[in-house]
Amino acid sequence: MAFLMDREVAAFTEVAEVLGVANNSLSGHLARLEAAGLVKLERGFFGRKPRTLIRLTTAGRDTWVAWLDQIGRGATLNHP
């Protein structure tokens, strides 16, 4: 989700390459994030090749920011 925060949209292949994960592993994770309403997957074609674009939803952005805030507070509590 951090990778998507700085982008409006990212290609599936780009995300898989940057994260260094197999396509099937990323696909499973994205399916769960999509089911939770955190990302939107846009499937289509670029010419004759299938292409999936990934967008972080508003709920996804809000969830990511809240998580960062939560871990930030945890770090402050553990290290005065």
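Which residue in strand 3 is the bridge partner of Ala10? The bridge partner of Ala10 is Ile54. The structure is a predicted model, in which local features need pLDDT of at least 70 and side-chain atom pairs count only at pLDDT 80 or more, while totals for chains, interfaces and linings use all residues. Residues are numbered from 1 along each chain as its sequence is written, and side-chain values use heavy atoms, with hydrogens and water left out.

The sheet is open and holds 3 strands in the order 1-3-2, with antiparallel pairing. Helices (H or I, at least four residues) and strands (E, at least two) are DSSP runs, numbered from the N terminus. Two strands count as paired if DSSP finds at least two bridges between them. Strand 1 (10-11) and strand 2 (39-46) are the edge strands, and each pairs on one side only. Strand 3 (residues 49-56) is joined to strand 1 by 2 bridges in the antiparallel sense. Between strand 2 and strand 3 there are 8 bridges, again antiparallel. Ile54 is also the bridge partner of Leu41. Gly44 stands opposite Arg51 in strand 3. Strands 2 and 3 form a hairpin with 2 residues between them. In that turn, Gly47 has a positive phi of about 70°.

Thr52 also lies in strand 3. Contact means heavy atoms within 4.5 Å. Leaving aside residues up to four places away in sequence, Thr52 touches Ala10, Ala11, Phe12, Leu41, Glu42 and Arg43. Thr52 and Thr13 are 39 residues apart in sequence, yet their C-alpha atoms are 8.1 Å apart in space.

Helix 3 (residues 23-35) has 13 residues. From first C-alpha to last, helix 3 reaches 18 Å, close to the 18 Å expected at 1.5 Å a residue; the expected span is 1.5 Å times one less than the number of residues. After helix 3 comes Gly37, with a positive phi near 80°.

The search of the whole structure finds 3 salt bridges (a side-chain nitrogen of Lys or Arg within 4 Å of a carboxyl oxygen of Asp or Glu). One of them joins the side chains of Arg55 and Glu8 at 3.3 Å, N to O. This pair links distant parts of the chain, 47 residues apart: Arg55 is in strand 3, and Glu8 is in the loop between helix 1 (2-5) and strand 1. Side chains of opposite charge can pair when their charged atoms come close.

Val18 belongs to helix 2 (residues 12-19).
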